[in-house]
Amino acid sequence: MSQKVLLNNIEVNITLHRLACQLIEKHVDFSNTILVGLQPRGKYLASRLEKLLTEDYKIDNVQVGFLDITFYRDDFRRSDKVLKPSSNKMDFIVEGKKVVFIDDVLFTGRSIRAALTAIQSYGRPKSIELLILIDRRFSRHLPIQPDYRGRQVDAIENEKVVVNWKENNSEDGVYLIKHKS
Amino acid sequence: MSTLSVDHLLGISYLNKKDINIIFDTADHFKNVINRPIKKVPSLRDITIANLFFENSTRTKLSFELAEKRLSADIVNFSASQSSVKKGETLIDTVNNILSMKVDMIVIRHPKPGAADFLHQHVNATIVNAGDGSHEHPTQALLDSYSIREKLGCINGKKVVIVGDILHSRVALSNIYALKLLGAQVMVCGPKSLIPKYISELGVLVEKDLIKALNWCDVANMLRVQNERMEIGYFPSIREYSQQYGLTKSILDSLNKEIIVMHPGPINRGVEISSEIADSDSAIILDQVENGVAIRMAVIYLLASKIKS
């Protein structure tokens, strides 16, 4: 197994600031915008962006939700593992709102497809955008592309992108891990 | 989350504590789903479920049907009174005919104890027992325990008394199994003629006096007197039963603590429980009904995940 650093602690911080600024450029005061972290991994990135927007860029009332997509996935009964649901925290209706989906890695695009169905349970948003920390190029199964991306990587099938967050891994960092085949 | 240790839900006696906790954790997520503006998820869109009700049922049938629909399963309903069973068809023939129509899961309610187990030995489909005679009613016991956990925070160490017709009650037996697995202390209370002789072998306490039982417990589960299963008279009159074992407001007020009152339905108002109690804040009867849908969604989802595509 070999490991390559894609983003170190400082680079993660710079990337998060850039993504926050890109969001501000597009959504200005966030009065009609909702950030939705996709469970389980997207919630860390969503919470981090919320903190930056509120504390560093002084934007009030940033609304954040966490959406669990387990019951909307298309691989139910197709894998040996039982799909484990995560907690869902959506305390608002998204009708007429500008929704930004937030996830750490964009790979096949199937999770985003599931999220597009899941969000309909909370109303009809005005628009939906996608913010991704790491975009794995050339691996999409569906025609889905991010609107905001932290970094694009070319990773082949037996490589895995691992995102660590201070909150649960004691450091911020993104790694490309290659398993010997 | 690991998976259930069983491929069918035939009774609580087939489950272990871990299974019950997996079902409860999954039900928490489904309770969230059924409280959203759109209460449906597409998980089971390629699963077909047949609801076979060989015995009358209102809330269990509706609850299963709703759970299946909210998981997007295709469903077919069958009730014995409108079927070829009346023309002499056997249970296995009826079910195999239904299975030829490519059904993946069977939810069965039957007046004979052991019907679900018998079916699972003879047909190739996932079986969910929705009540088999006076044997077991596993989903009712799961939703009862789930409702207690929701109200009291946990079940371990809590004292639950099951009052009434224990002899004919599948709800009582399944509840005893589930509550004991989860670490509760269980007592049964009712006229001697309606308490099975060797019930204490299951590790439950037996009490004839309702007031003593209520003073002991945290939760009272009031069962219905099952007149339809009584071929002889087990007590002199409904009036006398009600005087000795009916729960009224004055009895509840006389206790020096608050208890939770449960009832699996249908209620005979004024017999095992007075209208005043049934409609009071102490009763969690309607919470039980709401939780029933979430529990049944969890059971069906977890069992369906074991059906190979």
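Author: Let's start with a term: two residues are in contact if their C-beta atoms, placed from the backbone, lie within 7 Å. With that in hand, take chain A: among its contacts between residues at least 6 apart in sequence, 67% join residues at least 24 apart. Keep in mind that this is a predicted model, where local features need pLDDT of at least 70, side-chain atom pairs count only at pLDDT 80 or more, and totals for chains, interfaces and linings use all residues. Residues are numbered from 1 along each chain as its sequence is written, while chains are lettered from A and ligands numbered from 1 in the order in which they are written.

Now for the pieces. Chain A has four helices and eight strands (DSSP runs numbered from the N terminus, with H or I and at least four residues for helices, E and at least two for strands). Follow the sequence of chain A and you get β-α-β-α-β-β-α-β-β-β-α-β.

What about overall size? The C-alpha trace of chain A spans about 50 × 40 × 30 Å along its principal axes. Its radius of gyration, taken over C-alpha atoms, is 16 Å, and that agrees with the value near 16 Å for a compact globule of 181 residues. The globule rule here is 2.2 Å times the number of residues to the power 0.38.

Lastly, the inside: 39% of the 181 residues in chain A are buried. A residue counts as buried if 20 or more other C-beta atoms, placed from the backbone, lie within 10 Å of its own.

Notes:
Buried ≥ 20, exposed ≤ 12 C-beta atoms within 10 Å, placed from the backbone.
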